[in-house]
Amino acid sequence: MKYCFIGTGNMAGAIIRGMVSGKNTVSPKDIFAISKTNISAKKLADECGINICENYNDAVSGCDVVILGVKPHILAEVAPFIKDIILKEKPLVISLAAGKTTEYLENLFGEETKIARVMPNINAVVGSSVSGICGNKNTTKEDIETVKEIFKTIGSVTEIAEDKFGVFSAIAGASPAFAYIYIDSLARAGVKHGLTKSQALEIAANSVLGSAKMVIESDEHPWALVDRVCSPGGTTIEGVSSLLKDSFESSIISAVDAVIEKDNRI
Ligand SMILES: NC(=O)c1ccc[n+]([C@@H]2O[C@H](COP(=O)([O-])OP(=O)(O)OC[C@H]3O[C@@H](n4cnc5c(N)ncnc54)[C@H](OP(=O)(O)O)[C@@H]3O)[C@@H](O)[C@H]2O)c1
(Lines give C-alpha, C1' and ligand atoms only; values in the text may rest on other atoms or scores of the structure.)
Protein backbone atom coordinates (compact mmCIF):
# COMPACT_ATOMS: atom_id res chain seq x y z
CA MET A 1 0.00 0.00 0.00
CA LYS A 2 1.23 3.54 -0.81
CA TYR A 3 0.51 6.57 1.37
CA CYS A 4 0.55 10.29 0.56
CA PHE A 5 0.77 13.02 3.19
CA ILE A 6 -0.26 16.55 2.29
CA GLY A 7 1.15 18.67 5.10
CA THR A 8 3.96 17.35 7.28
CA GLY A 9 3.62 19.42 10.46
CA ASN A 10 3.28 18.31 14.08
CA MET A 11 0.49 15.77 13.67
CA ALA A 12 1.44 14.31 10.27
CA GLY A 13 5.06 14.10 11.49
CA ALA A 14 3.98 12.11 14.57
CA ILE A 15 1.93 9.75 12.36
CA ILE A 16 4.77 9.21 9.88
CA ARG A 17 7.21 8.49 12.73
CA GLY A 18 4.69 6.02 14.17
CA MET A 19 4.15 4.31 10.81
CA VAL A 20 7.83 3.72 10.08
CA SER A 21 8.76 2.50 13.56
CA GLY A 22 7.51 -0.15 15.95
CA LYS A 23 5.22 -3.04 15.04
CA ASN A 24 3.43 -3.35 11.65
CA THR A 25 6.01 -1.03 10.15
CA VAL A 26 5.31 0.67 6.82
CA SER A 27 8.33 1.05 4.55
CA PRO A 28 9.30 4.74 4.27
CA LYS A 29 9.70 4.11 0.53
CA ASP A 30 5.88 3.71 0.42
CA ILE A 31 5.27 7.14 1.96
CA PHE A 32 5.14 10.24 -0.26
CA ALA A 33 4.88 13.72 1.22
CA ILE A 34 4.50 17.35 0.28
CA SER A 35 4.13 20.45 2.44
CA LYS A 36 3.82 24.16 1.69
CA THR A 37 7.56 24.85 1.81
CA ASN A 38 8.76 21.23 1.92
CA ILE A 39 11.09 22.25 4.79
CA SER A 40 9.24 20.07 7.33
CA ALA A 41 8.87 17.32 4.67
CA LYS A 42 12.66 17.36 4.05
CA LYS A 43 13.34 17.10 7.79
CA LEU A 44 11.08 14.02 7.95
CA ALA A 45 12.74 12.59 4.85
CA ASP A 46 16.17 12.97 6.49
CA GLU A 47 14.89 11.40 9.71
CA CYS A 48 12.65 8.63 8.33
CA GLY A 49 13.61 8.09 4.69
CA ILE A 50 10.22 9.01 3.17
CA ASN A 51 9.89 10.43 -0.38
CA ILE A 52 9.40 14.17 -0.87
CA CYS A 53 7.35 15.37 -3.84
CA GLU A 54 7.69 18.67 -5.63
CA ASN A 55 4.06 18.89 -6.75
CA TYR A 56 0.64 17.63 -5.66
CA ASN A 57 0.25 15.41 -8.74
CA ASP A 58 3.44 13.44 -7.99
CA ALA A 59 2.43 13.18 -4.32
CA VAL A 60 -1.08 11.82 -4.86
CA SER A 61 -0.67 9.75 -8.06
CA GLY A 62 -0.47 6.01 -7.43
CA CYS A 63 -1.28 6.28 -3.70
CA ASP A 64 -3.95 4.13 -2.03
CA VAL A 65 -4.35 6.49 0.92
CA VAL A 66 -4.13 10.30 0.96
CA ILE A 67 -3.76 11.85 4.43
CA LEU A 68 -4.62 15.53 4.70
CA GLY A 69 -2.42 16.96 7.48
CA VAL A 70 -3.04 20.66 6.78
CA LYS A 71 -4.91 23.09 9.04
CA PRO A 72 -8.69 23.05 8.50
CA HIS A 73 -8.81 26.38 6.61
CA ILE A 74 -6.13 25.17 4.16
CA LEU A 75 -8.22 22.22 2.89
CA ALA A 76 -10.19 24.38 0.47
CA GLU A 77 -6.91 25.88 -0.81
CA VAL A 78 -5.38 22.45 -1.54
CA ALA A 79 -8.51 20.70 -2.87
CA PRO A 80 -8.52 22.17 -6.42
CA PHE A 81 -4.97 20.84 -6.99
CA ILE A 82 -5.77 17.23 -6.03
CA LYS A 83 -9.49 16.73 -6.66
CA ASP A 84 -9.14 15.47 -10.25
CA ILE A 85 -6.51 12.83 -9.38
CA ILE A 86 -8.61 11.71 -6.42
CA LEU A 87 -11.72 11.35 -8.61
CA LYS A 88 -9.70 9.42 -11.21
CA GLU A 89 -7.69 7.10 -8.94
CA LYS A 90 -10.19 6.84 -6.02
CA PRO A 91 -7.79 6.57 -3.06
CA LEU A 92 -9.08 6.59 0.52
CA VAL A 93 -8.88 10.20 1.74
CA ILE A 94 -8.22 10.71 5.47
CA SER A 95 -8.68 14.15 7.00
CA LEU A 96 -7.21 15.17 10.36
CA ALA A 97 -8.86 18.59 10.24
CA ALA A 98 -10.66 19.52 13.45
CA GLY A 99 -14.28 20.53 12.90
CA LYS A 100 -14.48 19.68 9.18
CA THR A 101 -17.29 17.19 8.53
CA THR A 102 -17.30 14.40 5.96
CA GLU A 103 -20.07 16.38 4.19
CA TYR A 104 -17.71 19.37 3.90
CA LEU A 105 -14.96 17.07 2.61
CA GLU A 106 -17.33 15.46 0.06
CA ASN A 107 -18.11 18.95 -1.24
CA LEU A 108 -14.36 19.51 -1.75
CA PHE A 109 -13.33 16.10 -3.10
CA GLY A 110 -16.49 14.62 -4.67
CA GLU A 111 -19.54 12.93 -3.22
CA GLU A 112 -18.36 9.50 -4.43
CA THR A 113 -14.94 9.80 -2.73
CA LYS A 114 -14.07 7.45 0.14
CA ILE A 115 -13.44 9.76 3.10
CA ALA A 116 -12.47 9.06 6.69
CA ARG A 117 -12.29 11.67 9.40
CA VAL A 118 -9.82 11.19 12.25
CA MET A 119 -9.33 13.18 15.45
CA PRO A 120 -5.98 12.28 17.03
CA ASN A 121 -4.59 14.09 20.08
CA ILE A 122 -1.27 15.69 20.97
CA ASN A 123 -0.03 12.58 22.81
CA ALA A 124 0.52 11.08 19.32
CA VAL A 125 4.01 12.59 19.63
CA VAL A 126 4.84 9.93 22.25
CA GLY A 127 2.79 7.15 20.61
CA SER A 128 -0.13 7.58 23.05
CA SER A 129 -2.83 9.36 21.07
CA VAL A 130 -6.48 8.46 21.57
CA SER A 131 -7.80 8.77 18.00
CA GLY A 132 -11.49 8.88 17.06
CA ILE A 133 -12.36 7.73 13.54
CA CYS A 134 -15.40 7.60 11.28
CA GLY A 135 -15.95 6.95 7.60
CA ASN A 136 -18.43 8.40 5.10
CA LYS A 137 -21.01 6.30 3.22
CA ASN A 138 -18.45 5.21 0.59
CA THR A 139 -15.92 3.64 2.96
CA THR A 140 -15.81 -0.14 3.31
CA LYS A 141 -14.92 -2.27 6.33
CA GLU A 142 -11.48 -2.73 4.77
CA ASP A 143 -11.03 1.06 4.52
CA ILE A 144 -11.87 1.46 8.22
CA GLU A 145 -9.39 -1.34 9.01
CA THR A 146 -6.74 0.54 7.02
CA VAL A 147 -7.45 3.71 9.01
CA LYS A 148 -7.23 1.75 12.27
CA GLU A 149 -3.91 0.18 11.25
CA ILE A 150 -2.41 3.60 10.51
CA PHE A 151 -3.60 5.27 13.71
CA LYS A 152 -2.79 2.31 15.97
CA THR A 153 0.85 3.17 15.25
CA ILE A 154 0.39 6.36 17.33
CA GLY A 155 -1.82 5.01 20.13
CA SER A 156 -5.35 3.69 20.59
CA VAL A 157 -8.23 4.03 18.09
CA THR A 158 -11.98 4.31 18.74
CA GLU A 159 -14.70 4.22 16.07
CA ILE A 160 -17.13 7.01 16.85
CA ALA A 161 -20.34 8.26 15.20
CA GLU A 162 -19.68 11.53 13.40
CA ASP A 163 -22.33 13.39 15.42
CA LYS A 164 -20.32 12.52 18.57
CA PHE A 165 -17.05 13.99 17.24
CA GLY A 166 -17.60 17.23 19.23
CA VAL A 167 -17.87 15.30 22.52
CA PHE A 168 -14.96 13.08 21.51
CA SER A 169 -12.82 16.16 20.77
CA ALA A 170 -13.53 17.51 24.27
CA ILE A 171 -12.95 14.25 26.16
CA ALA A 172 -9.93 13.06 24.13
CA GLY A 173 -8.62 16.14 22.27
CA ALA A 174 -8.81 18.87 24.91
CA SER A 175 -8.50 16.70 28.02
CA PRO A 176 -4.70 16.27 27.75
CA ALA A 177 -4.51 20.00 28.58
CA PHE A 178 -6.67 19.38 31.68
CA ALA A 179 -4.48 16.41 32.67
CA TYR A 180 -1.28 18.44 32.24
CA ILE A 181 -2.73 21.10 34.59
CA TYR A 182 -3.69 18.43 37.14
CA ILE A 183 -0.20 16.90 37.02
CA ASP A 184 1.46 20.30 37.37
CA SER A 185 -0.82 21.24 40.29
CA LEU A 186 0.11 18.01 42.11
CA ALA A 187 3.78 18.73 41.47
CA ARG A 188 3.44 22.34 42.66
CA ALA A 189 1.90 21.04 45.88
CA GLY A 190 4.89 18.68 46.17
CA VAL A 191 7.22 21.69 45.83
CA LYS A 192 5.23 23.53 48.51
CA HIS A 193 6.02 20.63 50.81
CA GLY A 194 9.72 20.40 49.99
CA LEU A 195 10.22 18.33 46.79
CA THR A 196 12.14 19.72 43.83
CA LYS A 197 9.91 20.55 40.84
CA SER A 198 11.48 17.94 38.55
CA GLN A 199 11.21 15.23 41.21
CA ALA A 200 7.60 16.23 41.97
CA LEU A 201 6.63 16.29 38.27
CA GLU A 202 8.05 12.82 37.67
CA ILE A 203 6.23 11.44 40.70
CA ALA A 204 2.91 13.14 39.81
CA ALA A 205 3.01 12.16 36.10
CA ASN A 206 3.86 8.51 36.86
CA SER A 207 1.14 8.38 39.49
CA VAL A 208 -1.45 9.65 36.96
CA LEU A 209 -0.12 7.20 34.34
CA GLY A 210 -0.51 4.31 36.81
CA SER A 211 -4.00 5.45 37.82
CA ALA A 212 -5.12 5.51 34.16
CA LYS A 213 -3.70 1.98 33.71
CA MET A 214 -5.60 0.85 36.83
CA VAL A 215 -8.92 2.24 35.51
CA ILE A 216 -8.37 0.52 32.14
CA GLU A 217 -7.05 -2.81 33.40
CA SER A 218 -8.79 -3.45 36.75
CA ASP A 219 -12.39 -3.46 35.43
CA GLU A 220 -13.38 -1.66 38.62
CA HIS A 221 -15.49 1.49 38.72
CA PRO A 222 -13.31 4.58 39.42
CA TRP A 223 -15.25 5.30 42.62
CA ALA A 224 -14.66 1.70 43.82
CA LEU A 225 -10.95 2.39 43.32
CA VAL A 226 -11.30 5.66 45.29
CA ASP A 227 -12.89 3.67 48.13
CA ARG A 228 -9.97 1.24 48.04
CA VAL A 229 -7.47 4.08 48.58
CA CYS A 230 -9.48 5.74 51.37
CA SER A 231 -8.88 3.96 54.70
CA PRO A 232 -11.49 4.75 57.36
CA GLY A 233 -10.40 7.83 59.26
CA GLY A 234 -7.26 7.96 57.09
CA THR A 235 -5.44 10.69 55.22
CA THR A 236 -6.68 10.17 51.62
CA ILE A 237 -10.36 10.63 52.54
CA GLU A 238 -9.41 14.10 53.83
CA GLY A 239 -8.05 15.02 50.40
CA VAL A 240 -11.01 13.47 48.55
CA SER A 241 -13.48 15.35 50.81
CA SER A 242 -11.60 18.58 50.14
CA LEU A 243 -11.79 18.04 46.35
CA LEU A 244 -15.54 17.34 46.55
CA LYS A 245 -16.11 20.44 48.75
CA ASP A 246 -14.29 22.51 46.10
CA SER A 247 -16.48 21.13 43.25
CA PHE A 248 -13.69 19.14 41.53
CA GLU A 249 -16.09 16.90 39.55
CA SER A 250 -18.43 19.68 38.43
CA SER A 251 -15.43 21.88 37.45
CA ILE A 252 -14.31 19.17 35.03
CA ILE A 253 -17.80 18.68 33.61
CA SER A 254 -18.10 22.46 33.14
CA ALA A 255 -14.73 22.49 31.33
CA VAL A 256 -15.95 19.79 28.91
CA ASP A 257 -19.23 21.72 28.43
CA ALA A 258 -17.20 24.85 27.59
CA VAL A 259 -15.14 23.00 24.94
CA ILE A 260 -18.27 21.53 23.32
CA GLU A 261 -20.06 24.87 23.40
CA LYS A 262 -17.14 26.59 21.63
CA ASP A 263 -16.85 23.71 19.13
CA ASN A 264 -20.55 24.16 18.24
CA ARG A 265 -19.99 27.88 17.61
CA ILE A 266 -17.05 27.41 15.14
N1 LIG B 1 -1.59 19.20 16.59
C2 LIG B 1 -2.57 18.54 17.23
O3 LIG B 1 -2.49 18.23 18.44
C4 LIG B 1 -3.81 18.10 16.46
C5 LIG B 1 -4.78 17.32 17.10
C6 LIG B 1 -5.90 16.90 16.36
C7 LIG B 1 -6.06 17.28 15.04
N8 LIG B 1 -5.11 18.06 14.45
C9 LIG B 1 -5.31 18.46 13.06
O10 LIG B 1 -4.19 18.10 12.30
C11 LIG B 1 -4.03 19.04 11.22
C12 LIG B 1 -2.59 19.52 11.21
O13 LIG B 1 -2.32 20.17 12.44
P14 LIG B 1 -0.81 20.39 12.91
O15 LIG B 1 -0.87 20.78 14.33
O16 LIG B 1 0.02 19.24 12.48
O17 LIG B 1 -0.44 21.67 12.01
P18 LIG B 1 1.01 22.22 11.60
O19 LIG B 1 2.05 21.67 12.49
O20 LIG B 1 0.86 23.72 11.50
O21 LIG B 1 1.22 21.62 10.14
C22 LIG B 1 0.51 22.07 9.03
C23 LIG B 1 1.18 21.53 7.80
O24 LIG B 1 0.42 21.97 6.66
C25 LIG B 1 1.34 22.34 5.64
N26 LIG B 1 0.70 23.22 4.66
C27 LIG B 1 0.20 24.45 4.84
N28 LIG B 1 -0.31 24.92 3.68
C29 LIG B 1 -0.11 23.93 2.76
C30 LIG B 1 -0.39 23.79 1.38
N31 LIG B 1 -1.00 24.76 0.70
N32 LIG B 1 -0.02 22.63 0.75
C33 LIG B 1 0.59 21.62 1.44
N34 LIG B 1 0.87 21.70 2.75
C35 LIG B 1 0.53 22.83 3.39
C36 LIG B 1 2.47 23.00 6.39
O37 LIG B 1 3.61 23.04 5.52
P38 LIG B 1 5.06 23.61 6.01
O39 LIG B 1 5.55 22.61 7.01
O40 LIG B 1 5.85 23.61 4.76
O41 LIG B 1 4.78 24.96 6.57
C42 LIG B 1 2.61 22.04 7.58
O43 LIG B 1 3.46 20.98 7.24
C44 LIG B 1 -5.03 20.17 11.46
O45 LIG B 1 -6.12 20.04 10.58
C46 LIG B 1 -5.48 19.96 12.88
O47 LIG B 1 -6.86 20.34 13.05
C48 LIG B 1 -3.99 18.48 15.12
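## Composition of the pocket lining

The residues that line the second largest pocket divide into 23 nonpolar, 14 polar and 8 charged, where Ala, Val, Leu, Ile, Met, Phe, Trp, Tyr, Cys and Pro count as nonpolar, Asp, Glu, Lys and Arg as charged, and the others, Gly among them, as polar. This is a predicted model in which local features need pLDDT of at least 70 and side-chain atom pairs count only at pLDDT 80 or more, while totals for chains, interfaces and linings use all residues. Residues are numbered from 1 along each chain as its sequence is written, and side-chain values use heavy atoms, with hydrogens and water left out.

## Where the lining comes from

Of the 45 lining residues, Val70, Lys71, Pro72, Ala97 and Ala98 lie nearest the centre of the second largest pocket; lining residues have an atom within 4 Å of a point of the pocket, which is an open set on a 1 Å grid over the protein atoms alone, where a 1.4 Å probe fits, with protein on both sides within 12 Å along at least five of seven lines. Helix H7 (165–192) is among the elements that each supply at least two residues, and H7 gives the most, with 7 residues; helices are DSSP runs of H or I with at least four residues, numbered from the N terminus.

## Ligand surroundings

The ligand is surrounded by 25 residues, the closest being Ser35, Thr37, Ser40, Tyr56 and Val70, with a residue counted if one of its heavy atoms lies within 4 Å. An oxygen atom of the ligand is 2.8 Å from an N or O atom in the side chain of Ser35, and a backbone N or O atom of Ala98 lies 3.1 Å from an oxygen atom of the ligand; such polar contacts are pairs of N or O atoms within 3.5 Å.

Terms used
Polar contact = N/O pair within 3.5 Å; in protein donor to acceptor, adjacent residues only side chain to side chain.
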